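Reader: Could you walk me through how to read the surroundings of a ligand in a model like this one?

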Amino acid sequence: MAVVLGIESTAHTFGVGIVSDGKILANAKKTYTTEKGGIIPIEAARHHRENKEKVYFEALKEAKIKEQDIDAVAFSQGPGLAPCLLEGMGFAKDLSRRIKKPIICVNHCVAHLEVGRLAGAKDPVMLYVSGANTQIIAYASGKYRIFGETLDMGVGNFIDSFARYAGIGFPGGPVVQKLAEKSRNYIELPYTVKGMDIALSGILTNLRRKLESGRYKLEDLAFSLQETVFAMLVEAAERALAHTGKEELLLGGGVACNSRLQEMCKIMCKERKAKFFCPPPSLLVDNGAMIAYLGEILFKKKIYFSWKQHDKIDIKPRQRTDEVDVKWR
Ligand code: ATP
Ligand code: FE2
């Protein structure tokens with residue numbers, strides 16, 4: 001029985017997860033937040049540096065294991081913010097060297113997807129909606145293919161930018177959801193689906209103008225933002241289901257915590273008799289457990305580097321989902 005430790009540090013969260021036999025033994029994390037304004041990469045990296053030891057020991061304690069019990073160390077290699085990724089990789093290499101155990105490189109987006117198996121999904125279309133990423137992904141002949149994606153910004157960053165213009169701190173998503181729940185007054189916004197892709201920057205500009213005009217209530221704008229953009233996502237996801245013939249939809253990424261988005265996806269799936277899967281929030285947001293989970297799958301297939309091969313490993317800030325060779329399926 002292997003024990004794999006996973007490190008997540010692509011953006012705002014430093015997470016350490018521990019998995020054994022597909023079971024999550026620990027999922028410790030600490031997230032960089034701000035009262036006002038967005039995420040600053042160097043600041044987030046500093047946050048990781050200051051908290052990594054603490055999060056690591058918390059994970060060991062939660063899993064009731066000792067450092068010597070770890071059989072391999074997995075880490076998020078990309079995509080993500082370079083200063084943050086470097087903190088995670090540095091930590092992974094130090095640990096791997098100290099315990100003389102293999103190191104495993106994991107793609108962050110694919111980890112979001114694979115951990116959906118714990119929710120029961122077998123061969124889903126995945127709607128992956130996080131801060132930096134918005135993609136509709138499905139497995140087809142050896143790769144996770146991107147069937148649709150955002151043409152400009154990730155939906156989480158889009159919501160966080162709107163929140164910043166409105167004077168709300170980071171992350172804005174949960175606050176925008178609360179505001180939206182107070183309104184039923186729909187204000188017309190541009191609706192931009194292009195084939196299976198979506199575009200968000202035009203809607204953001206439109207919302208910003210509306211905010212600055214002072215003529216609209218913030219909760220009405222929050223409500224209209226959610227109704228418009230989530231409908232766009234659901235439309236593109238439905239088209240991917242139809243196109244691939246798959247019968248499962250899996251949600252992933254931090255924005256998937258949004259209960260209105262979940263509701264809209266459920267309705268769509270019910271209408272076309274597809275199954276709907278959504279992991280718990282602790283596995284939706286960035287977390288170390290999903291890195292450990294995919295790490296263990298790779299470990300069992302011997303897809304790793306020994307602790308003497310660290311010079312062969314670097315971060316991949318711009319790695320794309322469809323660049324990853326899915327040799328483990
Ligand atoms: P990635 O590196 O995968 O692109 P990420 O690092 O930004 O993603 P996640 O933790 O997956 O991180 O997602 C964070 C995003 O989720 C933030 O933009 C946040 O506003 C958004 N979010 C969290 N909860 C909600 C919610 N209830 N409604 C909408 N958005 C939410
Ligand atoms: Fe993520």
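Reader: Which backbone contact does Gly254 make with ligand 1?

Author: A polar contact is a pair of N or O atoms within 3.5 Å, and here a backbone N or O atom of Gly254 lies 2.9 Å from an oxygen atom of ligand 1. Gly173 also contributes a backbone N or O atom, 3.0 Å from an oxygen atom of the ligand, while Tyr128 places a polar side-chain atom 2.5 Å from an oxygen atom of ligand 1. This is a predicted model, in which local features need pLDDT of at least 70, side-chain atom pairs count only at pLDDT 80 or more, and totals for chains, interfaces and linings use all residues. Residues are numbered from 1 along each chain as its sequence is written, chains are lettered from A and ligands numbered from 1 in the order in which they are written, and side-chain values use heavy atoms, with hydrogens and water left out.

Reader: How many residues surround ligand 1, and which are the closest?

Author: A residue is near a molecule if one of its heavy atoms lies within 4 Å of it; 25 residues surround ligand 1, the closest being Tyr128, Ser130, Asn133, Asp160 and Asp286.

Reader: Which helices supply residues of that shell?

Author: Helices are DSSP runs (H or I, at least four residues), numbered from the N terminus. Helix H3 (108-114), helix H4 (155-165) and helix H5 (173-180) each supply at least two residues of the shell around ligand 1, and the largest share, three residues, comes from H5.

Definitions and conventions: Polar contact = N/O pair within 3.5 Å; in protein donor to acceptor, adjacent residues only side chain to side chain.
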